[in-house]
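Hi everyone, thanks for making the time. I'd like to walk you through one model today, and please stop me if you want to go back to anything.

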Amino acid sequence: MQQPIQTEGFSGTYSVPKLYDHEFDLLSKLLFRIAGITMSSVKKPLVTSRLMKRLRHYNLSSFAEYYRMITASEGKAELQMAIDLLTTNETHFFREPKHFDFVRQQILPARRKGQLLRVWSAACSSGEEPYTLAMLLDDSLGLEPWEISASDISTRVLERARGGIYPAERIAEIPKQYLYRYCLKGTGSQTGLLLMEKKLRDRIHFFQHNLMGAPPTLSQFDVIFLRNVLIYFSRDTKRQVVSSLLPALRGGGYFFISHSETLNDLGLALESVAPSIYRKPGP
């Protein structure tokens, strides 16, 4: 028989209850309804570990109690907290670097001088992707106009992204020429941290957006990044999500997904131009 997990709380030892199959089913269906994310039973340990502090915080004796709390009319704030915890994914600077090579070598040289370049990082997590793009654009375009929008369903990771503070071990992921120009090394109480340069933080507009909701009212983009999120969606949900974003991509614009994903079988109005890179037909 599985024993409860013992964790230390402020008032002694707290036993986190077991996550039973019917409770996991309730939580996974709720996550699917809200975020479109499908969770198999192998995710039960992840759900337990990410929500256990919330159960301990409220001194709840079961995940069913927590489910009732977050689905009650007065539980909207805690529901957002649960969604934040269950949808946060690991990311890092310059992830899948061939994508950034394509931006630098193919997209930027083709733009008209003086033309505003608009990029949307549509599942930005804690911000490493939009800051990578910001370093690349600032370095490549100089005084030419560009702007980046970055969104995520999680309000918690968006706050981290806005702050632009990361563990110093991430230094290894950033090319040295960018590290010296755009990152500040923490000292004193900030030792072990790095801060993204203010001029980059000021150029990125972070906002909350649920990919399952109505698309935000934004001007059209030249480039949309939607990487490492489609793998959590069913085929129909993938089509729904991407279709909702395409109106925000101008004709001739580029749509990036991760190397582990594909859009080829979804019947979308996109042309494949390179592995995991698509182009919307148009001028």
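I'll start with the sheet, move on to the helices and the nonpolar cores, and finish with a few single residues. One thing to keep in mind throughout: this is a predicted model.

So, the sheet. In what order do the strands of the open sheet run? There are 7 of them, in the order S8-S4-S3-S9-S10-S12-S11, and the pairing is mixed. Strand S8, residues 204-208, and S11 sit at the edges. Each of these two has a single partner strand, so one side of each is left without a neighbour in the sheet. From one strand to the next, the twist averages 25°.

Let me zoom in on one pair. Strand S9, residues 221-225, runs parallel to S10, with 4 bridges between them. If you look along S10, you'll find phenylalanine 255 opposite isoleucine 224. Please remember Phe255, as I'll mention that residue again.

Now the helices. Helix H6, residues 128-141, lies across strand S3 (117-121), strand S4 (146-152), S8 and S9. Relative to S4, helix H6 runs at about 175°.

Elsewhere, helix H1 (residues 21-35) meets helix H4 (residues 76-87): their axes come within 11 Å and cross at roughly 95°. That makes H1 roughly perpendicular to H4. Which residues make the contact? From H1 we have Leu30, Leu31, Ile34 and Ala35, and from H4 there are Leu79, Ile83, Leu86 and Thr87. Sorted by class, the contact of H1 with H4 has 7 nonpolar residues, 1 polar and no charged ones.

In soluble globular proteins, nonpolar side chains tend to be buried together. Here the largest nonpolar core has 46 residues, and the ones with the most contacts inside it are Leu51, Leu226, Val242, Phe255 and Leu263. A second, separate core has 38 residues, including Phe94, Leu117, Met135 and Leu141.

Apart from its neighbours within four places in sequence, Leu263 is in contact with Leu230, Val242, Phe255, Ile257, Leu268, Leu270 and Tyr278.

And Leu270 deserves a stop of its own. Where is leucine 270? You'll find leucine 270 in the loop between strand S10 (249-256) and strand S11 (271-274). Is leucine 270 buried or exposed? Its relative accessible area is 15%, under the 20% cut-off, so leucine 270 counts as buried. Setting aside residues up to four places away in sequence, leucine 270 touches Val242, Leu246, Leu249, Phe255, Leu263, Tyr278, Arg279, Lys280 and Pro281.

Last, two backbone details for those of you who check torsions. Most residues other than glycine have a negative phi. Asparagine 59 has a positive phi, near 55°, and is found in the loop between helix H2 (44-58) and helix H3 (63-71). Serine 125 also has a positive phi, near 50°, and belongs to the loop between S3 and H6. As for accessibility, asparagine 59 counts as exposed at 59%, whereas serine 125 is buried at 8%.

That's my tour, and I'm happy to take questions.

Conventions
Residues numbered from 1 in each chain as written. Predicted model: local features only at pLDDT ≥ 70, side-chain atom pairs only at ≥ 80, totals over all residues. Heavy atoms only, no water. Buried < 20%, exposed > 50% of the residue type's maximum accessible area, 1.4 Å probe, protein only. Contact = heavy atoms within 4.5 Å. Pairing = 2+ DSSP bridges. Axes fitted to C-alpha atoms, helices over the stretch in contact; angles between N-to-C directions. Parallel < 35°, antiparallel > 145°, perpendicular 65-115°, else oblique. Nonpolar A, V, L, I, M, F, W, Y, C, P; charged D, E, K, R; others polar. Core = buried A, V, L, I, M, F, W, Y, C linked by side-chain atoms within 4.5 Å.
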